[in-house]
Amino acid sequence: MTKLESLQSILNAIRPDPREEEAREAAHRQWASIAKPLDSLGLLETAVEDMAALTLNHKIDISSRALLLLCADNGVVDQGVTQTDYTVTAAVARNAGANRSSVCKMAQVAHCDVIPVDMGMRDPGTIPGVMDRRVGNGTHDITEGPAMSRAQVEQAIVTGASLAADLKGYGRGLIATGEMGIGNTTTSSAVACALLNRPVAEMTGRGAGLSDKGLERKLWAIETALERSRPNPMDPLDVLSKVGGFDIAGMCGVYLGGALYRIPVLMDGFISTVAALCALRLCPEAGKAMFASHVSAEPAGQLILDALGKRPLITAGMRLGEGTGAVCAIPMLDMALSLYQDGTTFDGTGIQAYTPQGG
């Protein structure tokens with residue numbers, strides 16, 4: 001794993017570059033040369049131009065890509081906020097390590113490798129095929145106090161950024177984010193409530209199909225955690241340490257690493273975008289590395305995307321997790337790039353090029 005010195009060194013190194021707009025304009029000209037109506041692929045064209053700006057190159061290659069599946073356990077599950085217990089986290093991670101989990105099957109279609117990472121599952125033992133980047137043995141119960149120390153937050157974020165650095169070094173052109181952690185819609189809702197100062201009921205859903213009673217426990221747990229720890233909304237590290245999780249902090253680092261190493265990072269759903277919001281609050285410049293795959297069916301899914309200033313490629317009512325929404329968007333990007341790179345130009349058809357029309 002690439003060794004990065006500190007979170008502050010990462011933040012200090014993320015800077016704009018004047019070549020970003022040059023690459024974006026070159027990509028825009030490339031789209032305009034293709035024999036089709038201007039801007040007719042909508043957000044797909046915008047995504048390609050954003051990738052060109054990020055990578056400082058209008059010749060975009062995402063043929064080698066990987067999903068980072070960050071796995072961690074959350075102490076709040078002891079409060080009955082989920083249908084299942086924490087052992088399911090390790091079970092899914094085990095299936096992912098054997099290339100059998102839901103996202104693995106979908107990723108095969110998208111020609112995307114899945115890399116499961118243990119960020120801090122509870123007593124998982126050694127799981128074949130799962131990278132060990134453990135920060136702790138699961139987080140503490142947020143209804144009783146902070147989830148983790150501030151030092152652990154920084155360690156998890158730097159670990160995520162280092163994973164992005166490694167993938168860049170291996171020649172990956174695109175990173176997708178995913179997670180696995182029973183109870184992490186509870187921690188994500190708590191983080192979102194703290195960062196956006198929104199009511200708990202507005203930001204919290206049933207997760208993996210909670211009953212009415214289960215939802216009541218979940219709402220109580222989040223309200224109790226926020227009241228007990230009082231996270232500072234102006235300090236994302238404080239929010240993560242008090243009500244977050246190792247998986248969320250790790251994904252936050254992946255986005256920062258994407259911005260630092262100029263590799264596009266495809267967000268998944270609610271949990272993934274909450275992590276992105278933490279990264280954006282730490283470093284607004286990191287937003288250039290974030291690409292929205294879909295809008296989650298969780299109640300706060302659209303609110304988080306709005307806070308990020310991102311528009312999703314897919315609206316399909318998805319909420320499976322594991323990065324499944326992110327891998328669903330990859331074939332769409334492939335199809336857009338097939339036209340962008342090899343489409344027939346106006347010069348090759350004898351058709352007069354479209355020009356922008358005022359009014």
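**Close-up views of a predicted model**

**View 1. Asp118 and its surroundings.** The side chain of D118 reaches the backbone nitrogen of M121 at 2.8 Å, a polar contact being a pair of N or O atoms within 3.5 Å in which, within protein, one atom must be able to donate a hydrogen and the other to accept it, and residues adjacent in sequence count only if both atoms are side-chain atoms. The model is predicted, so local features need pLDDT of at least 70 and side-chain atom pairs count only at pLDDT 80 or more, whereas totals for chains, interfaces and linings use all residues. Residues are numbered from 1 along each chain as its sequence is written, and side-chain values use heavy atoms, with hydrogens and water left out. D118 belongs to strand 2 (residues 113–120); helices (H or I, at least four residues) and strands (E, at least two) are DSSP runs, numbered from the N terminus. With a relative accessibility of 5%, D118 counts as buried, where buried means under 20% relative accessible area, exposed over 50%, and partly exposed in between (1.4 Å probe, protein chains only). Not counting residues up to four places away in sequence, D118 touches C71, P124, V130, M131, D132, R133 and R134; contact means heavy atoms within 4.5 Å.

View 2. R122 is placed in the loop between strand 2 and strand 3 (131–132). Its relative accessible area is 17%, so R122 is buried. When neighbours within four places in sequence are left aside, R122 is in contact with D73, N74, G75, V77, D78, Y86, N137 and G138.

**View 3. The largest nonpolar core.** This core has 122 residues, and those with the most contacts inside it are I157 and L256. Helix 12 (residues 270–282) gives the largest share of this core, ten residues. A nonpolar core is a set of buried Ala, Val, Leu, Ile, Met, Phe, Trp, Tyr and Cys residues joined through side-chain atoms within 4.5 Å. Residues up to four places away in sequence not counted, I157 touches L7, L237, L240, A249, C252, G253, L256 and L282.

**View 4. I10 in helix 1.** I10 is located in helix 1 (residues 7–13) and, at 2% relative accessibility, counts as buried. I10 and A161 are 151 residues apart in sequence, yet their C-alpha atoms are 8.2 Å apart in space. Apart from its neighbours within four places in sequence, I10 is in contact with L4, V158, A161, L256 and L260.

**View 5. Helix 11 and the residue that follows.** Helix 11 (residues 246–261) has 16 residues and reaches 22 Å from its first C-alpha to its last, close to the 22 Å expected at 1.5 Å a residue; the expected span is 1.5 Å times one less than the number of residues. Helix 11 is mostly covered, with 14 of its 16 residues buried. R262 follows helix 11 and has a positive phi, near 55 degrees.

**View 6. Positive phi values in two loops.** Most residues other than glycine have a negative phi. D39, although not a glycine, has a positive phi of about 60 degrees; D39 lies in the loop between helix 2 (19–33) and helix 3 (43–55). R230 is likewise not a glycine and has a positive phi of about 45 degrees. The loop between helix 9 (212–229) and helix 10 (236–243) holds R230, and R230 is exposed, with a relative accessible area of 61%.

**View 7. V239 in helix 10.** V239 is part of helix 10 and is buried, with a relative accessible area of 0%. From C-alpha to C-alpha, V239 and C193 are 9.8 Å apart in space, and they are 46 residues apart in sequence. Leaving aside neighbours within four places in sequence, V239 is in contact with V191, A194, L195, P231, N232, P233 and G244.

**View 8. The largest pocket.** The largest pocket has a volume of about 600 Å³. Of the 34 residues that line this pocket, the closest to its centre are N184, T185, A208, R319 and L320. Helix 12 supplies the largest share of the lining, three residues. On a 1 Å grid over the protein atoms alone, a pocket is an open set of points where a 1.4 Å probe fits, with protein on both sides within 12 Å along at least five of seven lines, and lining residues have an atom within 4 Å of a point. Grid points are joined across faces, edges and corners, and a volume is the space filled by probe spheres set on the points.
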